[in-house]
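Student: I have a new structure open. Can you show me how to read it?

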Amino acid sequence: MKNDNNSRRNFLRKAALGAAALGLAPISGVMAGIQEENTPNEESQQGLVSPAKGKSVMGLRCAPLTTVRIGLIGLGMRGSEAVRRLIQIEGVEIKALSDRVPANMKDAVLQLKNAGKPEATEYLEEDDWKKICERDDIDLIYTCTPWHLHTPIAVYAMKQGKHAAIEVPAALTVKECWELVDTAEETQRHCMMLENCCYDFFEMATLNMARNGVFGDIYYGEGAYNHDLRWLKFASPEEGGYYKRWRLEYSKFHTGNLYPTHGLGPVAQIMGINRGDRFDFLTSNSTSQRGMTQYAIKKFGKDSPDAIQDYKLGDMNTTILHTVNGKTIQIQHDTTSPRPYSRIHLISGTEGMAVKYPDESIALEPAAHSNLKKEDFEQLMKKWEHPLAQQIGEKAKQVGGHGGMDFIMDYRLIYCLRNGLPLDQDVYDAAAWSCVIELSEKSVLGNGSSQAVPDFTRGAWKNAQPWPVVTID
């Protein structure tokens, strides 16, 4: 026990040092609640249902916006692509751009100019995002920064009367999840995590099928983020890597599932999580770490700082979420193994199943022991093609962004804001999907201990209905 406690103290000490080096809020910290005896602290958990500070935003409708005026913060990998997509959507005006890297700003400004769009005000200083949030000519703050800034920017934006759209994950801790929920309820502003995988063509089609009972009662699902990112984590910004190699810091000082929402979001929507059911508890386990060290040895040499670094993130994490209604979802995370990309996206019900990777396939009763033949599969996919795919799918494929799903996500967000409609993903989804980060780490450090998932809806899930299959008309 003494050695175990010393190990945990060393973990926390290194985490704090890493956070300071990166300029983050204390990561000890930024995955709050990881204490020596693995007991949740009061600030992190705040109870499974915390006292409300405002009115529920379940199904929130706000005044329609003729033009959605956007302040876009962060112009790196995701932000630059967001500029390219947003300028192709009717009713959008990008009013302000913010980034610390001049080259990123130059690229974004050029995109606006080439598209014949009005100039946007440029912000290059570290805290300029606050100035953008404070402007009275902006409706939506669209954030594509490193993870540790997602919640602070969204909270500040909503307090300034702005809607918030946040790249994934929306938050890193349970405390941050509650901050997002409390602020959205206090301000009655939209807060959407930009989970693009919910708008993938296959995910949307299976959602349509699920809503129409094709799979019967869906009781089990799988999702993942299995994506070899070693080269990107170790690359310098000049080589196309992350700004100050910020993502590498999380591999050094954290374990668990650091990036759950790509695999979890689509399955959670299909299962009606937060609308008729909710996450109850989770358990999580990780393998030991090999991939980062081996890659660093090959790239930098066995005596290099990167090769001798102690990486806490296990190569493969498996987290199982249990719902109040007795359903389970298995989520994987592996960004350090040489393997093809996969989100899995498997759903299983009383009448059949569907899975996206490695090949899209569906099996249905009464012959569910085999996948549908190609012709039958294609007919089924055509029959249940999601209305959003039917209406803007071709343009989405032309614009691109992970095959078009990024464009559909942006288009749908802008459409809802311009028409005063509830968003497909709300702040409760952002919190429920993102809290897996901290809770999975606590479970891993507690030898797979069960971790209760807070009810971010404060009971509203009991009467809320799953979103229908939406259209844009």
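Tutor: We will take sheets, cores and helices in turn. Keep in mind that this is a predicted model.

Student: How many bridges join β1 to β4?

Tutor: To read a pair, look for the bridges and then for facing residues. Strand β1 (residues 68–73) and strand β4 (residues 140–143) run parallel and are joined by four bridges. Opposite L72 stands Y142 in β4.

Student: Which residues does Y142 touch?

Tutor: Leave aside residues up to four places away in sequence. Y142 then touches I70, G71, L72, I73, A82, R85, L86, A165, L194, M409, D410 and L413.

Student: Which residues have the most contacts inside the largest nonpolar core?

Tutor: First the general idea: in soluble globular proteins, nonpolar side chains tend to be buried together. The largest core here has 113 residues. L86, L97, Y142, L180, F215, F279 and F456 have the most contacts inside it. Helix α16 (residues 405–419) gives the largest share, nine residues. A second, separate core has ten residues, among them A96, W129, I132 and I141.

Student: What is the strand order in the sheet of eight strands?

Tutor: Read across again. This open sheet runs β13-β12-β11-β7-β10-β9-β8-β14, with mixed pairing. Its edge strands, β13 (361–364) and β14 (451–452), each pair on one side only. Strand β8 (residues 279–286) runs antiparallel to β14, with two bridges between them. A452 in β14 is the bridge partner of F281.

Student: Which strands does helix α18 lie across?

Tutor: Helix α18 (residues 436–445) lies across β8, β9 (317–323) and β14. Its direction makes an angle of about 55° with β8.

Student: Which way do the side chains of β11 point?

Tutor: Check each residue of the strand in turn. In strand β11 (residues 346–349), L346 and S348 point one way, while I347 and G349 point the other way. All of them are buried. On one pairing, strand β7 (residues 218–226) runs antiparallel to β11 with four bridges. E222 stands opposite L346 there. Strand β12 (residues 352–355) is also antiparallel to β11, again with four bridges. G349 has G352 in β12 as its bridge partner. β11 and β12 form a hairpin, with two residues between them.

Student: At what angle do α15 and α16 pack?

Tutor: For a helix pair, read the angle, the axis distance and the contacts. Helix α15 (residues 387–399) and α16 pack at about 125°, with axes 8 Å apart. They are therefore oblique to each other. Their crossing is right-handed. L388, I392, K395, A396 and V399 in α15 meet F407, I408, Y411 and R412 in α16.

Student: Which residues of helix α12 are buried?

Tutor: An α-helix has 3.6 residues a turn, so residues three or four places apart point the same way. In helix α12 (residues 291–300), G291, M292, T293 and A296 are buried. These pack against α9 (230–234), α10 (246–253) and α13 (305–308). Just after α12, G301 takes a positive phi of about 105°.

Key:
Residues are numbered from 1 along each chain as its sequence is written. This is a predicted model: local features need pLDDT of at least 70, side-chain atom pairs count only at pLDDT 80 or more; totals for chains, interfaces and linings use all residues. Side-chain values use heavy atoms; hydrogens and water are left out. Two strands pair if DSSP finds at least two bridges between them. A nonpolar core is a set of buried Ala, Val, Leu, Ile, Met, Phe, Trp, Tyr and Cys residues joined through side-chain atoms within 4.5 Å. Buried means under 20% relative accessible area, exposed over 50%, partly exposed in between (1.4 Å probe, protein chains only). Contact means heavy atoms within 4.5 Å. Axes are lines fitted to C-alpha atoms, for helices over the stretch in contact, and angles run from 0 to 180 degrees between N-to-C directions. Angles under 35 degrees count as roughly parallel, over 145 as roughly antiparallel, 65 to 115 as roughly perpendicular and the rest as oblique. A crossing is left-handed if the near helix is turned anticlockwise from the far one by less than a right angle, and right-handed if clockwise.
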